Amino acid sequence: MDLIFTGIEHGEHVGYVGVDREVYEVEFDGERRRFGVLISSNGYIVTAHPLSIEDQRKIRSHKHRRQTP
C-alpha cells in the first residue's frame, strides 16, 4: 500500500498498460519499482499490480490503443 501511494504522489508517470492503467516508477526501499494502477474518477484505487522494470514491451506512451481499420 505504501508503495502505491508513494508512487502516485512522488513517482514518475511512465506510460500506460492494459486498457487504461497508468504506470508509475518510483524509488522505494532502496530499489526502483514499477507498477500499474487503475484509479476511478472518484479517486478510488480499483486495482494495482507490479510490473518488471526490464520489460518495456507492454508499456505505451499514450492512453488509447491504436485502432486498426
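Asp 2 lies in helix α1 (residues 2-10). Helices here are DSSP runs of H or I with at least four residues, strands are runs of E with at least two, and both are numbered from the N terminus. The model is predicted: local features need pLDDT of at least 70, side-chain atom pairs count only at pLDDT 80 or more, and totals for chains, interfaces and linings use all residues. Residues are numbered from 1 along each chain as its sequence is written, and side-chain values use heavy atoms, without hydrogens and water.

Asp 2 counts as exposed because its relative accessibility is 54% (exposed is over 50%, buried under 20%, partly exposed in between; 1.4 Å probe, protein chains only). Its C-alpha atom is 9.0 Å from that of Phe 28, 26 residues along the chain.

| Pair | Bridges | Between strands | Positive phi |
|---|---|---|---|
| β2 (residues 21-28) and β3 (residues 31-39) | 7 bridges | 2 residues | Asp 29, near 55° |
| β3 and β4 (residues 45-51) | 6 bridges | 5 residues | Gly 43, near 95° |

Across the second, Gly 36 faces His 49 in β4.

The largest nonpolar core has 7 residues: Leu 3, Ile 4, Tyr 24, Val 26, Phe 28, Phe 35 and Val 37. Such a core joins buried Ala, Val, Leu, Ile, Met, Phe, Trp, Tyr and Cys residues through side-chain atoms within 4.5 Å. α1, β2 and β3 each supply at least two residues. β2 gives the most, with 3 residues.

Beyond neighbours within four places in sequence, Val 26 contacts residues including Leu 3, Thr 6, Arg 32 and Phe 35 (contact: heavy atoms within 4.5 Å).

Note on methods: Two strands pair if DSSP finds at least two bridges between them.
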